[in-house]
Amino acid sequence: MDPGSPKGFPPTEKILLCKRGIEPRIGKWGLPQGFMELGETSREGAAREAFEESGASITPGVLLSVYNLPGQVQLLYVATIAGGTMDDATGEHVPPALTTDGTESLDAGYFTYEEIERKIGRAHV
């Protein structure tokens with residue numbers, strides 16, 4: 001994934017990233033991801049995986065991208081995160097705290113596009 005601001009998305013928006021705790025790419029930052037379970041929709045699977053890997057309750061919205069890779073298809077959604085608070089001083093939304101179990105994800109955080117480039121480098125699907 002190129003973390004540059006997608007057309008139409010403000011560069012101040014933050015992206016939920018998880019630091020992988022399992023192979024492939026252990027220790028690398030990327031979007032929450034995983035496999036669907038039988039009987040769930042792709043949006044249900046995206047919400048479940050985001051929660052399992054970061055503790056974030058999300059509502060998947062617009063389908064942003066589809067990657068058709070050997071042996072799998074990956075769907076990326078723009079999502080909203082439930083909860084959080086409003087910072088009275090700035091008027092900005094402060095997203096809720098994240099939690100990981102230390103197995104699938106070693107860490108999780110919210111990052112701006114600029115932070116992804118400066119601190120993490122390129123995010124990977």
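The dialogue below walks through how to read several features of a predicted model.

Colleague: Before we begin, which residues count towards local features and side-chain atom pairs in this model?

Modeller: The model is predicted, and local features need pLDDT of at least 70, side-chain atom pairs count only at pLDDT 80 or more, while totals for chains, interfaces and linings use all residues. Residues are numbered from 1 along each chain as its sequence is written, and side-chain values use heavy atoms, with hydrogens and water left out.

Colleague: How many helices and strands are in the protein, and in what order do the elements run?

Modeller: Helices (H or I, at least four residues) and strands (E, at least two) are DSSP runs numbered from the N terminus. Here there are 2 helices and 7 strands, and from the N terminus on the order reads β-β-α-β-β-β-β-β-α.

Colleague: Which strands form the open sheet, and in what order?

Modeller: Two strands pair if DSSP finds at least two bridges between them. In this protein 3 strands form an open sheet in the order β2-β1-β7, with antiparallel pairing. Strands β2 and β7 stand at the edges, each with a single partner strand, so one side of each is left without a neighbour in the sheet. Strand β1 (residues 14-20) is joined to β2 by 2 bridges, and the two run antiparallel; K19 has W29 of β2 as its bridge partner.

Colleague: W29 also belongs to an aromatic pair, so which ring is its partner, and how are the planes set?

Modeller: Rings of Phe, Tyr and Trp (its six-membered ring) pair if their centres lie within 6.5 Å, and planes under 30 degrees apart count as stacked, over 60 as edge-to-face and the rest as tilted. The structure holds 1 aromatic pair. The ring centres of W29 and F111 are 5.2 Å apart and the planes stand at 75°, so the pair is edge-to-face. Because W29 lies in strand β2 (residues 29-30) and F111 in strand β7 (residues 105-112), the pair ties together parts that are 82 residues apart in sequence.

Colleague: Are W29 and F111 buried or exposed?

Modeller: Burial is read from relative accessible area, where buried means under 20%, exposed means over 50% and partly exposed lies in between (1.4 Å probe, protein chains only). By that reading W29 and F111 are both buried, and in the protein as a whole buried residues make up 27% of the 125 residues.

Colleague: What do β3 and β4 form, and how many bridges pair them?

Modeller: Strands β3 and β4 pair in the antiparallel sense over 9 bridges, and T59 has T80 in β4 as its bridge partner. The two strands form a hairpin with 2 residues between them, and G71 in the turn has a positive phi of about 85°.

Colleague: Which residues form the nonpolar patch on the surface?

Modeller: Patches are made of residues with over 30% relative accessible area and no salt bridge, like charges being joined within 9 Å and nonpolar side chains (Val, Leu, Ile, Met, Phe, Trp, Tyr) within 5 Å. Accessible areas come from the Shrake-Rupley method with a 1.4 Å probe, and for residues only the protein chains shown count as cover. In this case L63, V66, V73 and L75 form a nonpolar patch with about 320 Å² of accessible area together. Strands β3 (58-69) and β4 (72-81) each supply at least two of the patch residues; V66, one of them, is found in β3 and counts as partly exposed at 46% relative accessibility.

Colleague: How many salt bridges are there, and which residues are linked in a network?

Modeller: A salt bridge is a side-chain nitrogen of Lys or Arg within 4 Å of a carboxyl oxygen of Asp or Glu. The count comes to 4 salt bridges, and E37, E40, R48, E49 and E52 are linked in a network of them.

Colleague: Which partners does R48 have, and how far apart are the closest N and O atoms?

Modeller: For R48 and E37 the closest N and O atoms are 3.6 Å apart, and that pair links distant parts of the chain, with R48 in helix α1 (residues 42-54) and E37 in the loop between β2 and α1, 11 residues apart. The corresponding distance is 2.6 Å for the salt bridge with E40 and 3.2 Å for the one with E52, which lies in α1 together with R48, 4 residues apart, about one turn of the helix. R48 counts as buried at 16% relative accessibility, as does E40 at 15%, whereas E37 is partly exposed at 45% and E52 is partly exposed at 33%.
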